[in-house]
Amino acid sequence: MAGTRHAPRLRSRTFSGLGAAVLIAVIAVFPLVFTNPTATNFGVITLIFLAVASAWNIFSGFSGYLSLGHAVFYGTGAYFLAVAAKDWHLTGSAVFWLLPLAGAVAALIAVPLGLVALRVRRHTFVVITIAFFFIAQLSASNLAVTGGSSGLLLPVPNWTSATFNNPFYYVALIIAAGTVALSVLIRRSRFGLQLRAIRDDEDRAAGLGVRAMPVKLTALVLSAFITGMAGALWVYFIGEAFPQFVFDPLFDLAVVLMAFFGGLGTVAGPVLGALILEPAQMYLNLQQSNGYESEILFGALFLVVILFLPRGVLPTAGEWLTPGRMRRLRDGWLAWRARRTAHPPVPPAEGTPS
Amino acid sequence: MTATLRAEGVSKSFGGLQALADCSLTAQAGRITGLIGPNGSGKTTLFNAITGYERIDSGQVYLDEQRITGASPQRVFSLGVGRTFQLTRIFPRLTVLENMLVPANRGRSTREHRERAMDLLAFTGIASHARALAGTLSYGQRKLLELAYVLVADPAVVLLDEPAGGVNPSLIHHITDRIRELNAAGRTFLIVEHNMEFVMGLCHQVTVLDSGSVVASGPPEVIRTDPRVLDAYLGTEADDA
């Protein structure tokens, strides 16, 4: 079967399992090693985006329905937490218990939105999700419950400043790790297979007995649940809720870029995308007084990814690293090492005439 | 597992174009029925009408005595009517085996489902490609894959839209043999095909469509010499003769 392209092999499973374990260990000890608040701040936001990018991928990456309206779920979760913490007089770590509720509210919102938007496909679907986004943003700017454009302030926990970010960090880590685990489970399940069949040819899938609407809606609701939790954690972390930041049009573009960059529809892709792009963006924003330069840079990166790596870094790299290339790389390395041991490079003696 | 599929007085128009006009057709249980006709005569539209891909303006479709008119494609499939498409429609970014696992598994365990999928891949002769992405298969192999995954759920009736179209002759024999074997086990077939040798050699009964209407129906040897059929296919030459 020369020339036949195969799906990623099972042998890579042990490898990726090992990689995941190392990654989790590194992430888990990160705030203990880098105690600088700027570093942990980067860590919290990156983990939040890691969860959101993976959640977005569970719906959009697997089903092929590209949503540019996930900020609706993010913002809904955020406002729910801001309002509930205020109304129920919750402070400190008690506020974290609101996160699953915030996710549930976002999931609830996803049901009617999904029932409307999932009746159409491709570009029309994308446009409808953008419309939902603007409806949500306008509502947040004008409703009394959200404080309108004057926004809401959240209670600030009275934790010591040296380790202030750590509780946020570990909650974000739990959500992110849970999302990636869910992503793995779905990718391997029959439900995940049905989603990917819908992505490839929805009508054909229906003609094979796949109940497309419930499958798509379930994926959207799960995705919205996680996104809502992440949004709620984020708003508690930054401590204020203003409509233009809670419902940020660049939010969805950032998340989509992360997924596309790493590899749309893969489990590891959005993880890699978030781990690289979110810290990069925050670093650039820190260096520059305005955010424009990083936005221009990310816009350009978006173009490069879509034009040259439309399937993302990981799948492209995975394909480039064929067994033959791997063998040549290994042989090359072994030969190089053999040459070095046979003829150790002689350091140039001082004073040797040239 | 077998059933009779009947379309009665089915009509369908697209704007001003009458694609099907009072079309009736029966695919008898346990038999192979051919559906032929010139391009644009409404064969695929009739397939779409039967399998829920197209809403019809009037008429009824029955599976045995059960009315399935207007049922969704998903429902039609779960009632036991599987179909393939003229331009094969597989899931290119899933592996061949994953393609086989898409159809509902009818209460089988995952392991049984997988075994059945592998058996059918072996039956159609593409088992060695099980791990390949379906998008890398040749056109003929895609036709075989489409036939194989339709069979996973044990449909009582199988509708094939041009199973021999664009397929090399040796593969056509392979496909014919597979259909005969499946039919011998009782499965009902309704086949649209342009290859006359294929239809006449395989089908027990042939129905001829022209401009959305049934012009003839009967055993192949009768259809072969029916002047209305010659007329439909060859235009006015039959009149001149």
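## Helix H4 of chain B

Let's start inside chain B of this predicted model. In H4(B), the buried residues are B:His113, B:Ala117, B:Leu120, B:Leu121 and B:Thr124. Looking down the axis of H4(B), these buried residues fall within an arc of 105°, so they line one face of the helix. An α-helix has 3.6 residues a turn, so residues three or four places apart point the same way. On the other side of H4(B) you will find B:Arg111, B:Glu112 and B:Glu115, which are exposed.

What do the buried residues of H4(B) pack against? Their partners are three helices of chain B: H3 (96–101), H5 (139–151) and H6 (169–184). H4(B) itself covers residues 110–124, 15 residues in all. From its first C-alpha to its last it reaches 21 Å, close to the 21 Å expected at 1.5 Å a residue. After the helix comes B:Gly125, with a positive phi near 90°.

## Chain B as a whole

Stepping back, chain B has 10 helices and 10 strands. Its radius of gyration is 18 Å, close to the 18 Å that the globule rule gives for 241 residues, so chain B is as compact as a globular protein of that length. Along the principal axes, its C-alpha atoms fill a box of roughly 60 × 40 × 35 Å.

Of the 241 residues in chain B, 45% are buried.

## Two hairpins

Now for the strands. E1 (residues 5–14) and E2 of chain B run antiparallel and are joined by seven bridges. B:Val10 has B:Cys23 in E2(B) as its bridge partner. The hairpin of E1(B) and E2(B) has two residues between the strands, and B:Gly15 takes a positive phi there, near 60°.

Another antiparallel pair is formed by E9 (residues 205–210) and E10 (residues 213–218) of chain B, with five bridges between them. Here B:Thr207 stands opposite B:Ser217 in E10(B). This hairpin also has two residues between its strands, and B:Ser211 takes a positive phi near 50°.

Is B:Ala29 buried, exposed or partly exposed? It has 15 other C-beta atoms within 10 Å, which makes B:Ala29 partly exposed, because a residue needs 20 or more to be buried and 12 or fewer to be exposed. B:Ala29 is found in the loop between strand E2 (17–27) and strand E3 (32–36) of chain B.

Leaving aside neighbours within four places in sequence, B:Ala29 is in contact with B:Thr2, B:Ala3, B:Thr4 and B:Thr188.

## Where chain B touches chain A

Finally, the interface: 26 residues of chain B are in contact with 20 residues of chain A. On the chain B side, the elements that give two or more residues are helix H2 (73–78) and H3. H2(B) provides the largest share, four residues. By class, this side has 14 nonpolar, seven polar and five charged residues.

Note on methods: Residues are numbered from 1 along each chain as its sequence is written. Chains are lettered from A and ligands numbered from 1 in the order in which they are written. This is a predicted model: local features need pLDDT of at least 70, side-chain atom pairs count only at pLDDT 80 or more; totals for chains, interfaces and linings use all residues. The radius of gyration is taken over C-alpha atoms; the globule rule is 2.2 Å times the number of residues to the power 0.38. The expected span of a helix is 1.5 Å times one less than its number of residues. The arc is that of the directions from the helix axis to the C-beta atoms. Two residues are in contact if their C-beta atoms, placed from the backbone, lie within 7 Å. Ala, Val, Leu, Ile, Met, Phe, Trp, Tyr, Cys and Pro count as nonpolar, Asp, Glu, Lys and Arg as charged, and the others, Gly among them, as polar. Two strands pair if DSSP finds at least two bridges between them.
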